[in-house]
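Please look at how the two chains meet before reading on.

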2 protein chains.
Amino acid sequence: MKKILLFGAGRSTSALINYLQTNKEKENWQLTIAEKFLESIDEKLIDAQTELISLDIQDEVKRKDLVAKSDIVISMLPARMHIDIVKDCIQFRKSMVTASYVSDELKALEKEIEESGIIILNEVGVDPGIDHISAKKLIDELINSGAEIEEFETFTGGLVAPQSDNNPWGYKFTWNPRNVVVAGQGGAVKFIQEGTYKYIPYHKLFRRTEIIEVEKYGKFEGIANRDSLKYRSIYGLENIKTMYRGTLRRPGFCRAWDAFVQLGATDDSFIIENSKHLTYREFINLFLPYNPNDSVELKLRHYLNLAQDEVELFDKLKWLDIFEEIPVNLDRATPAQILQSILERKWKLEPEDRDMIVMWHRFAYKLNGINKEIHSSMVIEGDENHTAMSKTVGLPVGISTKLILNQVIRQKGIWIPIHPDIYLPLYSELEEHGINFIEKEIN
Amino acid sequence: MKKILLFGAGRSTSALINYLQTNKEKENWQLTIAEKFLESIDEKLIDAQTELISLDIQDEVKRKDLVAKSDIVISMLPARMHIDIVKDCIQFRKSMVTASYVSDELKALEKEIEESGIIILNEVGVDPGIDHISAKKLIDELINSGAEIEEFETFTGGLVAPQSDNNPWGYKFTWNPRNVVVAGQGGAVKFIQEGTYKYIPYHKLFRRTEIIEVEKYGKFEGIANRDSLKYRSIYGLENIKTMYRGTLRRPGFCRAWDAFVQLGATDDSFIIENSKHLTYREFINLFLPYNPNDSVELKLRHYLNLAQDEVELFDKLKWLDIFEEIPVNLDRATPAQILQSILERKWKLEPEDRDMIVMWHRFAYKLNGINKEIHSSMVIEGDENHTAMSKTVGLPVGISTKLILNQVIRQKGIWIPIHPDIYLPLYSELEEHGINFIEKEIN
């Protein structure tokens, strides 16, 4: 019997837990879940053979004991908590699976990880994860067929499913709200387009969108992620002319979001004096020029250079109640924290709402002297059992765990799913679970 | 005989050295100058009795020996180099004068400084320095006369004198170019206006200017400095309704400068790939959307939303040669470094050019129930011997040194010139040297 130790059973782990429990008899697994907030786990989700343990990750003795007794470890904790577990894994020679990005701290342990003969498999969620698996598979197929890949664009979005898309933003929080509010901050966006490097500062990012279309789901807009350039070497596409990774929203979202960026309302770097006693309207006015004779509405229109007849954008802002005298009621808060609380009131995902993950790749390549293009897309909607986020993050993590235990994945060291030994079996089992890409040749 | 030890003889210290040498016989001083780059000192400036010593500030033994043998220390080195000297001053119980801001590192030594019975007098240059001296003097006079100060705005600019103002920007580098390029970065601007807090993000800062007028010198535009709020407690004006500190430029400068901010060309946080082989034109194009069929000129106009007939702003940009195929020739450079090198070619202060320091205060107050307002301004131009920057930084530093040696200033601990015992004698001797404020009551 193989012992699987799962750290963290937060809200997007239901599909993972389900996968591990469904396969436990056939695979002869024993699942142990270590979680700080046991009371937050949905009891219906956990079957009788699964062991639930209350654990504060800071409790080193208990944590090490759990790792020592396991055969493989999965961490679904926030990324910053992984590193202590990785050190335990090195000490007790246990492999580990996470959906998080490879951190610099992790890279610093590369030699120890290799020497202990384990694999730390990262970035096997959805983004990063399914993006790598699906893109690298097609890239390698194209290269093996003799194609020269000239352009690669890829976008992913965590959105609300069409049936629940009932607000003017086409958006609700289906994932960590804070990440949405501060998205794009922390440095210029970098990519390469047709051989030309391009850099976009944060304050222009949300006006530099690209429209893409996904069959049956219509139009989306893409904004660039922070650093697309580093994926040239990760995907072995050093000489590619266009490399662009981005995030999807429904059209019109970004232009309206830009209003908050222009105001400075997404800033998370300073505390607002007197924040506790502000109203939403006063919060917006903090960022507008002083003039007691003008309305906040008109000052904002003027600030954003919005003509009287630009109704759609302005209605999105109004719908959030930002012009109302509603108390903020947050002490010593940053602008980003106040904005998040305003948004959470209106962008809340209701129990009956369904989320949706959309992924879209574009490959332009030359084969036998002919220019060709493939678009590849995947849409997963949530259902009554699992959110789309939970399925697309949990399934590849669960499958990876199985593949390592069964020695299908035999790599050692720090990996992400860009080797055919890893992405091929993952891709094929994801397909069995309904996570499919539709490929379309464009001529 | 009193021994004065001056660390640093960089380009803005000529007026300070001249002051110390002019007064040395009357005051019975011996001046020692410790400088790393002795060859950069203008020999004509140094008289026979002044001792010149070659010193790398890292040379702890030699540095401590010099401090131990002195009666007072002046540091005109870059601010980050002060702290080691301060520690020596504590050890050997020597007072010290600098024109730099009080740093957190310095504050951490407050107890040791007080216990050793010395004064570390900071912020006695021009800005900070003469701004404190002149403003606090008037503030205390007003308060002592029974006035209630409601608003205080203060602006300073290091500019080019009218006789040398011969380019479309009305600006040349009269001080550290790097500080000009990255000015305003590192966090939102904060101030209070009519009792309302106001925050401006960096990308909007240069469009939120205020026009002021100085007699005989015409109009200037002011942009806010980073944090005006903290000066409420420094000046003892906790309940003031408006507190705004800013920097002066000639009108039109900020709007044109904003073009670089909007592009992201002032970003100093990342290295541009391939920077060595770029031209000025290609550098600008890095920040513009990809479109090989449009000119960089038109793309920039469109990006900045500039109509065809907005000639003045566009001419400023063109005059900098940013659309030319001139090689950048800087390896591994940030956008800010490249922009600086482009600007230095055109904003260079020629030997015959004269600089100018402009300072302007506005006080609004209530006296006996009547609303009153005073504007106070100072303009100093450079001459053939000393730049305006050198005079306005060096003279208050030199005078402070004399006042401490002569025990006119008897304060101990960390100080800036906001106590009447410090600012009154400083103000009066600055006046003798032609550094005068013109006060005007506005009705």
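The notes that follow concern a predicted model and take up the contact between its chains.

1. The contact draws on 33 residues from chain A and 33 residues from chain B, and the area buried between chain A and chain B comes to about 2900 Å², with carbon and sulfur atoms giving 56% of it. Within the area that chain A buries against chain B, Tyr199(A), Glu273(A) and Tyr290(A) supply 24%, more than any other three residues.

2. Across the interface of chain A and chain B there are two salt bridges by the rule applied, and one of them joins the side chains of Glu273(A) and Arg232(B), at 3.5 Å from N to O. The rule for polar contacts finds 17 residue pairs across the interface of chain A and chain B, both residues being at pLDDT 80 or more.

3. On the side of chain A that touches chain B, at least two residues each come from β8 (189-193), β9 (196-200), α9 (202-205), α11 (253-263) and α13 (296-303) of chain A. The largest share, four residues, belongs to β9(A), and by class this side of chain A has 16 nonpolar, eight polar and nine charged residues.

4. How are chain A and chain B related by rotation and shift? Chain A superposes on chain B through a rotation of 180 degrees with 0.0 Å of shift along its axis, the RMSD being 0.0 Å, and that is the relation of a two-fold axis. In chain A, the C-alpha nearest the axis is that of His203(A), which lies 3.3 Å from it.

5. The copies meet through the same surface, because 100% of the interface residues of chain A are also interface residues in chain B.

Methods. Residues are numbered from 1 along each chain as its sequence is written. Chains are lettered from A and ligands numbered from 1 in the order in which they are written. This is a predicted model: local features need pLDDT of at least 70, side-chain atom pairs count only at pLDDT 80 or more; totals for chains, interfaces and linings use all residues. Side-chain values use heavy atoms; hydrogens and water are left out. Contact means heavy atoms within 4.5 Å. Buried area is the accessible area (1.4 Å probe) that two parts lose on being put together, summed over both. A salt bridge is a side-chain nitrogen of Lys or Arg within 4 Å of a carboxyl oxygen of Asp or Glu. A polar contact is a pair of N or O atoms within 3.5 Å; within protein, one must be able to donate a hydrogen and the other to accept it, and residues adjacent in sequence count only if both atoms are side-chain atoms. Ala, Val, Leu, Ile, Met, Phe, Trp, Tyr, Cys and Pro count as nonpolar, Asp, Glu, Lys and Arg as charged, and the others, Gly among them, as polar. Copies are superposed by least squares on the C-alpha atoms of residues with pLDDT of at least 70 in both.
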